[in-house]
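Trainee: Could you walk me through this one? I'm new to it.
Mentor: Gladly; have a look first, and then ask away.

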Amino acid sequence: MKEERYHIALDDYEHGVVIRALNDTKTELMNEGKSTDAVDDLIIKVGYAPKKKFKVIERRESSGRESR
């Protein structure tokens, strides 16, 4: 079975927030004497994730009711 992958779109600000949150989590784990391997891997994945330009098209879903 193929492993599922998730893709998220972040702007520069959001990317920074994620990196800082992961770094804070890593610091907390280090202070508790716990392993930081998983967080380290995520920091690397998020930090080196390639940038890709794309166009966002918003869709409005109807509520199933017709307006009169």
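Trainee: Which residue forms a salt bridge with Glu 32?
Mentor: Glu 32 forms a salt bridge with Lys 34, and their closest N and O atoms are 3.4 Å apart; the term stands for a side-chain nitrogen of Lys or Arg within 4 Å of a carboxyl oxygen of Asp or Glu. Please keep in mind that this is a predicted model, where local features need pLDDT of at least 70, side-chain atom pairs count only at pLDDT 80 or more, and totals for chains, interfaces and linings use all residues. Residues are numbered from 1 along each chain as its sequence is written, and side-chain values use heavy atoms, with hydrogens and water left out.
Trainee: How many salt bridges does the structure hold?
Mentor: The structure holds three, and another one joins Lys 51 to Asp 12, with the closest N and O atoms 3.6 Å apart. Lys 51 lies in the segment after helix 2 and Asp 12 in helix 1, so this pair ties together parts 39 residues apart in sequence. Helices here are DSSP runs of H or I with at least four residues, numbered from the N terminus.
Trainee: Is Lys 51 buried or exposed?
Mentor: Lys 51 counts as exposed at 74% relative accessibility, and Asp 12 counts as exposed at 60%, where exposed means over 50% relative accessible area, buried under 20% and partly exposed in between, with a 1.4 Å probe and protein chains only.
Trainee: And what about Lys 26?
Mentor: Lys 26 forms a salt bridge with Asp 40, the closest N and O atoms being 3.0 Å apart. Lys 26 is in helix 1 and Asp 40 in helix 2, 14 residues apart.

Conventions:
Helix = DSSP H or I, 4+ residues; strand = E, 2+ residues; numbered from the N terminus.
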